[in-house]
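Hello,

Here is the structure we spoke about handing over. Please take a look, then read my notes below.

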Amino acid sequence: MIDTNRIFTDKKALVEGLAKKGYDTKKIDELEKLIIKSREATAEVEGLRRERNAIQADKNVSNEDKRALRDKIVALEAILEPLKNQIDELLLDIPNTPDADAPIGKDEKDNKVILETKTYYKCPAPKPQPHWDIAKKLDILDIELASKVSGSMFAFYKGKGARLLRALVSYALELNGDKYVEMIPPHMVSSKSFGFTGHLPKFADDQYKASQDDLWLIPTAEVPLTASFANTTFDVAELPKRVMGYSVCFRREAGSAGKDTRGLQRLHEFHKVEVVKIAEPSTCEKELKDMLEDCLAPIKALELQYRIVDLCTGDMGDKYGRCYDIEVFSPGVGKWLEVSSVGHFSDYQARRAGIKYKGDGGKKGVAYTLNGSGLATPRVWTAIVETYQQPDGSVVVPKVLVPYMGCEVIK
């Protein structure tokens, strides 16, 4: 959530930033009035409480006057509770403000491609086939069987296809293992933990929930990894904290019916390696640049055609201050597929989660959080199968994965 002090110290910049994300900034005026009203009521209650404490043992004050004072305090406290709820509701609805130099725009049409590689493995097949056709012939993926078992947008990986998925996860974890502490997090988290990253309450419809236990299936390891640092104050010398988590991810993909859902382009359940950082604010830009390189590393090593997209303010999502997408090209479907979002959230998540740091002289501040997909397997799997397909229908295994696969060709 945003720092409410900005409403009173830097309201113009706050409103301008939120307007870039298409937010109804009239709600900031509403929030300002509620906060002022809450502060005034709080000050009055505190004054009355002091008065009550002062006369508690005073026999010169009648019991009737003491009761009247108590009733007045109770009445004001009854006003404060709904005020607090209104303020919290508005705060949880407000998006993060974007970086000043982030591209301004409404949707993906306004995003900027800032880098597209020219060196990559060229698909030798004269007419590249989509991965679902290649995989069916090689018997390494079965979407129909998954549909029989679980419904649409699920997958059974088989044989060398399953090994390819495992190889991708193992390679991504080892590649960045010297920089990030590896963790395998819980795949379910409480509502409180889910709210720290901004997924609740606004995006509840996109999530899976085990209602009986008040637990949510995680859409990304970002959620439990970030929550693991909740209510922690780090010495500034301890930062940045870098962690990396492998998990299965679950997303309802509400509203995606018929949109890029064939094969592995969009799934309800998939495997992913996620990287998360907790940083001191002044180092955020450097840490974001380094994280982008870390997430690019496996894509480069796999020799896939990729590009980096600087997301505009209207497309980057509520929680981001800055976001870059890494996309790979899949020649069989003829599309660029987003395989990683790498960004920072400034203090937006950390303020919700109570993640702080202590600097020189013991002064405390709110930390910054960053995250990115170290490797999201479905679309990278897709791009490999389509890019490395051969005219005879086989698929060459990228060199860096051969030690994990135990073969050079899938046939």
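**What I found**

Strand β16 gives the largest share of the lining of the largest cavity, with 4 residues. Please keep in mind that this is a predicted model.

**The cavity**

The count is 1 cavity of 30 Å³ or more. The space inside the largest cavity is about 40 Å³. Its lining is made up of C295, I299, I326, V339, S340, S373, G374, L375, A376 and V380. By type, the lining of the largest cavity has 7 nonpolar residues, 3 polar ones and no charged ones.

Next, the second largest pocket. Its volume is about 370 Å³. The lining holds 22 residues, and those closest to the centre are R6, T97, S346, D347 and Y368. Two elements, α2 (11-20) and β15 (364-366), each give two or more residues to the lining of this pocket. Helix α2 provides the largest share, 4 residues. The pocket lining divides into 8 nonpolar, 6 polar and 8 charged residues.

In what order do the 3 strands of the open sheet run? The order is β5-β7-β6, and the pairing is antiparallel. The edge strands are β5 (188-190) and β6 (208-210), and each of them pairs on one side only. From one strand to the next, the twist averages 35°. In general, the strands of a sheet pair through backbone hydrogen bonds, in a parallel or an antiparallel way. Here β5 pairs with β7 (residues 215-217) over 3 bridges, in the antiparallel sense. Within that pair, V189 stands opposite W216 of β7.

**One residue by the start of the chain**

T4 sits in the segment before α1 (5-9). Is T4 buried, partly exposed or exposed? T4 counts as partly exposed because its relative accessibility is 21%, and buried means under 20%. Leaving out residues up to four places away in sequence, T4 touches I35 and L91. T4 and L31 are 27 residues apart along the chain, and their C-alpha atoms are separated by 9.0 Å.

Over to you.

Key: Residues are numbered from 1 along each chain as its sequence is written. This is a predicted model: local features need pLDDT of at least 70, side-chain atom pairs count only at pLDDT 80 or more; totals for chains, interfaces and linings use all residues. Side-chain values use heavy atoms; hydrogens and water are left out. Buried means under 20% relative accessible area, exposed over 50%, partly exposed in between (1.4 Å probe, protein chains only). Contact means heavy atoms within 4.5 Å. On a 1 Å grid over the protein atoms alone, a cavity is a set of points where a 1.4 Å probe fits but cannot get out, and a pocket is an open set with protein on both sides within 12 Å along at least five of seven lines; lining residues have an atom within 4 Å of a point. Grid points are joined across faces, edges and corners, and a volume is the space filled by probe spheres set on the points. Ala, Val, Leu, Ile, Met, Phe, Trp, Tyr, Cys and Pro count as nonpolar, Asp, Glu, Lys and Arg as charged, and the others, Gly among them, as polar. Two strands pair if DSSP finds at least two bridges between them. Axes are lines fitted to C-alpha atoms, for helices over the stretch in contact, and angles run from 0 to 180 degrees between N-to-C directions.
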